[in-house]
Amino acid sequence: MFDFKYFTPTKVIFGKDTEGRVAELIKEFGGTKVLIHYGGGSVVRSGLLKRVTDTLDAAGIAYVTLGGAVPNPHLSLVYEGIELCKKEGVDFLLGVGGGSAIDSAKAIGYGVANGGDVWDFYDRKRTATGCLPLGVILTIAATGSEMSDSSVITKEEGLIKRGYSSDYGRPKFAILNPDLTKTMPDYQTASGCTDIMMHTMERYFTNGGNMEITDALAEGLLRTVKKNAIILRDDPQNDAARAEVMWAGSLSHNGLTGCGNDGGDWMTHKLEHELGGLYDVAHGAGLAAIWGSWARYVYKDCLHRFRRFAVNVMDVEERGGDEEIALCGIEAMEEFYRSIHMPTNLRELGVNPTEEELALMAKKCAIGVGGAMGSAKVLNEQDMLNIYRASM
Ligand code: NZQ
Ligand code: ZN
């Protein structure tokens with residue numbers, strides 16, 4: 001194993017009607033003027049935003065609102081939010097919605113706390129030395145942004161999607177009420193389950209440092225989400241399954257399932273981020289479309305982990321050689337994606353890039369990772385292009 005840091009400062013309030021405690025939590029963390037940041041309107045339609053503002057009104061907490069964070073959230077709205085916060089003297093951010101609204105709120109927080117151009121952080125030109133305090137009311141179980149150190153933003157000019165990670169961006173509190181996820185479209189539920197599993201799989205397929213305790217947590221999480229994704233496919237309102245998936249989403253990306261290893265592979269995410277930036281696809285669906293091609297490209301370089309995954313997560317019988325078992329595990333995973341109506345290639349994802357566009361994505365991806373990256377297998381630009389081609 002490797003030495004590790006595990007830092008999860010987020011206070012989690014989990015359960016029915018917990019959004020009613022939002023004012024109390026904002027006060028606990030010192031907020032006096034709040035920016036409520038949300039997405040395209042689902043929180044308006046569901047009545048959640050009204051409930052939140054009513055609660056803040058009753059508690060005498062001042063606030064301003066800014067909606068409009070789109071999936072693959074845009075830098076221009078982040079700039080708008082930064083100006084609004086400065087003008088209004090905002091000292092606390094409340095992200096209400098999914099990963100996009102939360103990530104956009106984190107970016108606003110970096111911009112206000114650090115000054116200068118916030119894109120510098122995403123462009124690896126500067127490191128943040130602070131962030132406005134942020135609380136979260138989550139409406140979609142998927143990205144884990146409610147506990148993670150990451151924020152992913154798309155710069156419209158050049159369609160560049162980049163992540164920035166810093167402990168300063170970890171939310172102070174996360175309100176997790178599984179009932180709030182019941183209005184999600186089925187496609188988003190399945191896409192969210194895919195993303196949740198992938199956050200643990202990125203940490204699982206590594207060539208260094210794996211610990212037995214971390215593997216047991218990871219495999220338990222993966223089996224749980226796999227099972228409950230199927231339950232939600234057939235019964236989207238199932239309370240227990242909503243709760244299992246929501247908590248798994250937070251645990252999958254707060255660092256827990258990577259303790260002791262070399263930091264994880266993360267190349268499926270990096271390859272997907274180029275797709276999300278260029279074609280605006282749902283993040284989890286994009287991951288499902290890429291993963292099989294990535295897995296077949298790298299599995300021989302990380303055979304022990306793919307074999308273990310096949311047996312312990314996908315219930316593949318231990319018959320035949322290691323490669324055969326590993327490949328059966330990859331096929332079983334793709335079969336699972338299909339069973340929850342997720343794509344397993346770019347065509348099924350609904351995008352049809354030209355050879356030039358594939359080359360452009362590989363180039364941007366290579367630049368984004370600083371040339372080459374990966375733990376299951378280190379991938380360079382040519383490898384990235386090969387995987388994109390294989391996923392057509
Ligand atoms: O925008 P609204 O109207 O709220 O609608 C959203 C959006 O259309 C809708 N939705 C969310 N909750 C709903 C709901 N509709 C009905 N009922 C509800 N309860 O779902 C759609 C997707 O929302 P979004 O926030 O975009 O989804 P998600 O949480 O999957 O976030 C995706 C973004 O997060 C990034 C992704 O790359 C992508 O940009 N990621 C962030 C990470 C992080 N910060 O740690 C890690 C991830 O790997 C990921 O990269
Ligand atoms: Zn993800």
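1. Terms of exposure first. A residue is called buried at under 20% relative accessible area, exposed at over 50%, and partly exposed in between, with a 1.4 Å probe and protein chains only. Glu 318 is exposed by that rule, with a relative accessible area of 54%.

2. Basis. This is a predicted model, in which local features need pLDDT of at least 70 and side-chain atom pairs count only at pLDDT 80 or more, while totals for chains, interfaces and linings use all residues. Residues are numbered from 1 along each chain as its sequence is written, chains are lettered from A and ligands numbered from 1 in the order in which they are written, and side-chain values use heavy atoms, with hydrogens and water left out.

3. Salt bridges. The count comes to 28 salt bridges, where a salt bridge is a side-chain nitrogen of Lys or Arg within 4 Å of a carboxyl oxygen of Asp or Glu. Elements named below are DSSP runs numbered from the N terminus: helices (H or I) of at least four residues, strands (E) of at least two.

4. Arg 307 and Glu 318. Their side chains meet in a salt bridge, at 3.0 Å from N to O. The pair links distant parts of the chain: Arg 307 sits in helix H12 (residues 303-312) and Glu 318 in the loop between H12 and H13, eleven residues apart. Arg 307 counts as partly exposed, at 22% relative accessibility. Elsewhere, salt bridges with shared partners join Lys 5, Asp 149, Asp 167 and Arg 170 into one network.

5. Asp 179 and Lys 16. The closest N and O atoms of this salt bridge are 3.0 Å apart. Asp 179 is partly exposed at 25%; Lys 16 is exposed at 55%.

6. Asp 54 and Lys 50. Here the salt bridge stays inside one helix. Both residues lie in helix H3 (residues 48-59), four residues apart, about one turn of the helix. The N to O distance is 2.9 Å. Asp 54 is partly exposed, with a relative accessible area of 36%, and Lys 50 is exposed at 53%.

7. Cavities. There are two cavities of 30 Å³ or more. On a 1 Å grid over the protein atoms alone, a cavity is a set of points where a 1.4 Å probe fits but cannot get out; a pocket is an open set with protein on both sides within 12 Å along at least five of seven lines; lining residues have an atom within 4 Å of a point. The largest cavity holds about 80 Å³ of space, a volume being the space filled by probe spheres set on the points, which are joined across faces, edges and corners.

8. Lining of the largest cavity. Strand E7 (160-165), helix H10 (267-279) and helix H15 (355-368) each supply at least two residues. The lining divides into two nonpolar, three polar and six charged residues. Nonpolar covers Ala, Val, Leu, Ile, Met, Phe, Trp, Tyr, Cys and Pro; charged covers Asp, Glu, Lys and Arg; the others, Gly among them, are polar. One of the lining residues is Cys 365, which lies in helix H15 and is buried at 1%.

9. Second largest pocket. About 160 Å³ of space lies in this pocket. Helix H7 (186-204) and helix H8 (212-234) are the elements that give two or more residues to its lining. The largest share, five residues, comes from H7. By class, the lining has seven nonpolar, two polar and three charged residues.

10. Backbone check. Most residues other than glycine have a negative phi. His 341 has a positive phi of about 65 degrees. His 341 lies in the loop between helix H13 (322-339) and helix H14 (346-349), is exposed at 58%, and is one of the residues lining the second largest pocket. Asn 72 also has a positive phi, of about 60 degrees. Asn 72 is in the loop between strand E3 (62-66) and helix H4 (75-88), and counts as buried at 7%.
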